[in-house]
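Let's take a walk through this one, starting with a single residue and then stepping back to the whole chain. Have the viewer open as you read.

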Amino acid sequence: MALKLLKSYSVLAVTRDENYETALHMLARKPNSMTAQALELILCLWEKVKTRPDAEVGDCPVGSYPDLIHQLDEHNLTIFHIAISHRHAGIFKLIYEMGFDKELLANYEDDENNNMLHLAGKYPKPPPASIVPGAALEMQRELLMFEEVEMIMQPSWRDRQNSEGYTPKEQFTMTQEDLQKRGEKWMKSTAKSCMLVATLIATVVFAAAFSIPGGNNQQIGRPIYLDKTLFKVFAASDAIALSSSSVSILVFLSILTSRYEEEDFRMSLPLKLMFGLLTLFISVITMTIAFSSAFFLFYPSSERLNWITMSTAVLVFVPVTLYVGLQYSLLRDIIYSTFCSRNQFKPKYFPV
């Protein structure tokens, strides 16, 4: 309804209530799940504000007002403390872009003696809308947020206790325990499923290596199709499939036997899962290539291009394409979460 009204009456974007606040003021204080409609409303508000005359916009909150960052709410929290509590990385990113003493702001405490690092270590309730698949990657993002806030804290404040007697690190360990267990369960479940596929591939390609297409010459024991290009393709792809599937099995096995400490979720476990998925993809693709090359070896050159053989070759790649397509999004998210997540917390010009 708000979105419909805004599109019909653009003046509502800069209309103020009895407290002299606009819709953007009110949205800034509300925990937002960033659904499609909520995001559309925010973008629409901003576009409408830009079209209004300067006199109407006045001191609308979308400008740069450094003094506002020192304003405290009823719990003695600034806007950046609230952004960290609700995991709004975009707002937290402004800390590096505005000209003020970041270290001074980071040392503010709320009415329970929680500083900014305590808030980064406390898992938000209700949980934020997850933008990554799986609890393990969510745990990784929590660690990233905690590390980024820790970088702007003065060393003497990193181990300060709140009113309950917890340091920020103790707060993190205590409140993230459930997420850590869910991350371990998700990681093991994913590793087991992928390990099963890798084991099946290794079994198939290992058997194929000793039952080569066309058989061997009985007199000299030499493969009959040894000099043919398709046989060489078969041999190379079968060897790659066996090697990559074996590596994939070992990687997933190492995931299952990991300690699952907090720091393991930062780089170790995501890297292992990423490498395991990559080698599994390679084994699936090369296994299919090995099958196709062996399949064409049994047909004379004149029959390889008829509709039966070509249809069979195409159908073989359908499940492969489907599997890779379904798992690609997971691999992409792991790569992004591991190597690009820090960009959400700081501007491009800020040194890593």
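## A tucked-away glutamate

Glu-142 counts as buried because its relative accessibility is 4%, and the cut-off for buried is under 20%. Keep in mind that this is a predicted model.

Where does Glu-142 sit? Look in helix α9, which covers residues 135-151. Leaving aside residues up to four places away in sequence, Glu-142 touches Arg-87, Ala-120, Tyr-123, Pro-124, Phe-172, Gln-176 and Leu-179. So if you want to find this spot on screen, pick Glu-142 and show those contacts, Arg-87 and Tyr-123 among them, because contact here means heavy atoms within 4.5 Å.

## The chain as a whole

Zooming out, the chain has 14 helices and zero strands.

Of the 352 residues in the chain, 39% are buried. The accessible surface comes to about 19,600 Å², and carbon and sulfur atoms own 62% of that. As for contacts with a separation of 6 or more, 74% are between residues 24 or more positions apart.

Residues 233-256 are 100% helix and 0% strand, with end C-alpha atoms 34 Å apart. Residues 277-299 come out at 91% helix and 0% strand, and here the end C-alpha atoms are 34 Å apart.

Methods:
Residues numbered from 1 in each chain as written. Predicted model: local features only at pLDDT ≥ 70, side-chain atom pairs only at ≥ 80, totals over all residues. Heavy atoms only, no water. Helix = DSSP H or I, 4+ residues; strand = E, 2+ residues; numbered from the N terminus. Buried < 20%, exposed > 50% of the residue type's maximum accessible area, 1.4 Å probe, protein only. Areas by Shrake-Rupley, 256 points an atom, 1.4 Å probe, with all protein chains shown as cover.
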